[in-house]
Amino acid sequence: MPTWTLTTHELSLRYVWKISRNASSAKTNLVVKIEAKGFAGAGEAAPNTRYHETPELLQEQFAALQAAGLAAVNDLEKLDALLARLPVARSLSFALESALVHWLAARAGVPVWQWLGVPPPTSVLSTAFSLPIMEPGEVAGFLQAQDAFRFNMLKIKVNAAGGLELLREVARVLPNHAMLVDGNEAWEDADSLMLFLEQATALPGLYLRLLEQPLPAHCADDYRYLRTRTPVPLIADESVTDTADFSELTRQFHGVNVKLMKAGGYRRGIDLLRRTRSHGLMPMLGCMVETTLGISSAYQISALAKVHDLDGFLIVKDEPFGLVREKNGLLSMGE
């Protein structure tokens with residue numbers, strides 16, 4: 001029978017990672033590993049506090065799965081049956097499925113993307129680079145220190161209070177550079193957001209390409225109102241879970257940011273990306289703060305997305321795995 005293990009990784013960050021709802025200088029991610037028949041597979045779980053996930057919860061859930069017979073799981077059908085009986089956090093669900101898929105692909109002697117039945121990823125992949133919320137006076141030094149100029153698109157984390165001034169400074173330092181602004185549900189309603197957009201689009205040198213999840217997911221009426229009025233395409237993030245209603249999403253957004261940690265597994269992530277495209281929405285592939293283990297998993301299905309935001313490992317100090325490299329704003333798989 002396979003041996004399943006769960007290991008915690010304490011990850012120090014290269015700088016304070018601040019978004020509209022929290023800030024942190026370290027993350028605790030977990031790695032699930034399966035070993036059997038001379039092969040091994042691993043998957044990463046990055047707990048998300050937005051969905052009430054903690055490392056402690058994931059450890060408790062993994063222990064419960066072990067007690068319920070995880071050692072007998074050696075295919076996806078058995079994993080699905082076990083998780084149907086004992087549901088777990090989405091990030092842990094992904095780590096389990098990822099580890100198992102990687103093990104099955106290794107046994108079959110094929111790349112993960114091929115085993116999953118998706119198109120092959122490109123040899124190099126352009127990614128956005130994310131800026132945390134910071135004071136405007138810190139922007140120029142941060143961009144210089146991180147050599148952010150090498151990325152084709154910057155993803156700017158903002159809140160309602162200081163977002164406009166932060167964008168003003170980024171546009172001053174990097175005029176006409178493509179920006180994806182991520183509000184992480186910071187605005188309260190459509191009216192306040194429209195005022196912000198009116199002011200932001202008037203800023204000299206600002207190229208606002210995309211706007212990600214500016215309002216809370218429950219503000220469906222506001223999103224329906226905004227979709228035909230916003231000057232910037234709206235991208236869904238927190239509004240998309242493993243039970244996403246695409247008939248409703250098409251009335252609220254122009255695109256969808258799919259994250260494997262939120263999807264709960266490769267198969268669900270692939271389904272979300274395909275449904276995004278089939279509904280005429282722009283497919284985007286994103287990440288949490290992850291090591292290259294998690295990012296390499298996303299890389300396997302990256303051909304299904306049009307926009308890629310897979311820079312989570314660049315935030316990690318002393319990244320432990322080295323499975324993905326970045327040079328000149330382009331990602332490639334490590335040796």
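**Entry 1: Ala46**

I began with Ala46 in this predicted model, and I find that it counts as buried because its relative accessibility is 2%, where the cut-off for buried is under 20%. I place Ala46 in the loop that runs between strand E3 (39-45) and helix H1 (55-67). Setting aside neighbours within four places in sequence, I list its contacts as Asn29, Glu53, Ser91, Met261, Met288, Val289 and Glu290. I also looked up a pair distance, and I note that Ala46 and Gly137, which are 91 residues apart in sequence, lie 31 Å apart in space from C-alpha to C-alpha.

**Entry 2: the cavity**

I next asked how many cavities of 30 Å³ or more the count gives. I find one, and I record about 40 Å³ of space in the largest cavity. Its lining consists of Phe94, Leu260, Met261, Gly286, Glu290, Gly294 and Ala298. The elements that give two or more residues to this lining are helix H10 (260-263) and helix H12 (292-300). I sort the lining residues into four nonpolar, two polar and one charged. Met261 and Glu290 belong to this lining, and I had already met both among the contacts of Ala46.

**Entry 3: salt bridges**

I then searched the whole structure for salt bridges, and the search finds 18. One of them joins Asp80 to Arg267, with the closest N and O atoms 2.7 Å apart. Asp80 sits in helix H2 (residues 76-85) and Arg267 in helix H11 (residues 266-278), so this pair ties together parts that are 187 residues apart in sequence. I read Asp80 as partly exposed at 34% relative accessibility, and I read Arg267 as partly exposed at 33%.

I turned to Arg172 and Glu169, whose side chains meet in a salt bridge at 2.7 Å, N to O. Both lie in helix H6 (residues 163-173), where they are separated by about one helical turn because they are three residues apart.

Lys262 belongs to helix H10 and Asp237 to the loop between strand E9 (234-236) and helix H9 (246-252), so the pair ties together parts that are 25 residues apart in sequence. I note that both Lys262 and Asp237 are buried. Last, I record one network in which salt bridges with shared partners join Lys155, Lys157, Asp182, Glu212 and Asp309.

Notes: Residues numbered from 1 in each chain as written. Predicted model: local features only at pLDDT ≥ 70, side-chain atom pairs only at ≥ 80, totals over all residues. Heavy atoms only, no water. 1 Å grid on protein atoms, 1.4 Å probe; cavity = no way out; pocket = protein on both sides within 12 Å on 5 of 7 lines; lining within 4 Å. Points joined across faces, edges and corners; volume = space filled by probe spheres on them. Helix = DSSP H or I, 4+ residues; strand = E, 2+ residues; numbered from the N terminus. Nonpolar A, V, L, I, M, F, W, Y, C, P; charged D, E, K, R; others polar. Buried < 20%, exposed > 50% of the residue type's maximum accessible area, 1.4 Å probe, protein only. Contact = heavy atoms within 4.5 Å. Salt bridge = Lys/Arg side-chain N within 4 Å of Asp/Glu carboxyl O.
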